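User: I would like to go through this model term by term. Please tie each label to the rule behind it.

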Amino acid sequence: MGNRSGVLELAVLGLLHEAPMHGYELRKRVNAQFGWGRVLSFGSLYPCLKAMLRNGLITADPGTPESGRRPKIVYTITADGKDYFAHAMHEAGPSAWEDDTFGVRFSFFGRTDPATRLRILEGRRARMEERLANFRAAMSRTAERVDTYTLELQRHGLESAEREVRWLNELIDGERRQQRPPDLHQPPTQGDSR
């Protein structure tokens, strides 16, 4: 799933899991929800939709025509598409926490089991901590040899990675608290009438 078309496929299936949509609406939702570095073109979306149709993951039905215009094709996820999406959402290998896939996977965490969410978050944190170490090493080696703008770009990368690690730590702590069974053997607090 590490390639861009696999990520787009997952994004489309996740959105169609919510409701059927026509191509323009899918493109708009993918761009808005996932904010990819560049705008998703129809030249990327429609080949992906055609492949998903061939693989039986979605269906395409003509919608109702609007005042003299041709009808928009409405795409719907199939039972096979739902199964494929569910299986993909439970994969927790390295591709799940890479830059290209993490945001899409995270946006559908509500359909992912807690153990898988935790593995993905921990993997992403490890990847970002590795990136932090690389930024720090690069900055210490090159601080005297690069211009001010390059140094600022490195500092920006470092600060962004630090922010993401803090955010991931908070998410991981929250996941662990939710997974921890309540402690039924706590002594009563003062004024507790157990």
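Analyst: Start with pairing: two strands pair if DSSP finds at least two bridges between them. This is a predicted model. In E3, Val 74 is the bridge partner of His 22.

User: What makes E1 and E3 a pair?

Analyst: E1 and E3 are joined by 2 bridges and run antiparallel. The rule asks for at least two bridges, so E1 and E3 pair.

User: Which order do the strands of the sheet take?

Analyst: The order is E1-E3-E2 in an open sheet of 3 strands, with antiparallel pairing. Strand E1 (21-22) and strand E2 (58-62) each have a single partner strand, so they stand at the edges, and one side of each lacks a neighbour in the sheet.

User: Which residues lie nearest the centre of the largest pocket?

Analyst: Tyr 46, Arg 70, Pro 71, Lys 72 and Ile 73 do, out of 13 lining residues. Helix H2 (23-34), helix H3 (42-54) and strand E3 (73-77) each supply at least two residues of that lining. The pocket volume is about 340 Å³.

User: How does the lining of the largest pocket divide?

Analyst: The lining has 6 nonpolar, 3 polar and 4 charged residues. Tyr and Pro count as nonpolar, Arg and Lys as charged.

User: How much of the protein chain counts as buried?

Analyst: The figure is 34% of the 194 residues. Buried means under 20% relative accessible area.

Conventions. Residues are numbered from 1 along each chain as its sequence is written. This is a predicted model: local features need pLDDT of at least 70, side-chain atom pairs count only at pLDDT 80 or more; totals for chains, interfaces and linings use all residues. Side-chain values use heavy atoms; hydrogens and water are left out. On a 1 Å grid over the protein atoms alone, a cavity is a set of points where a 1.4 Å probe fits but cannot get out, and a pocket is an open set with protein on both sides within 12 Å along at least five of seven lines; lining residues have an atom within 4 Å of a point. Grid points are joined across faces, edges and corners, and a volume is the space filled by probe spheres set on the points. Helices (H or I, at least four residues) and strands (E, at least two) are DSSP runs, numbered from the N terminus. Buried means under 20% relative accessible area, exposed over 50%, partly exposed in between (1.4 Å probe, protein chains only).
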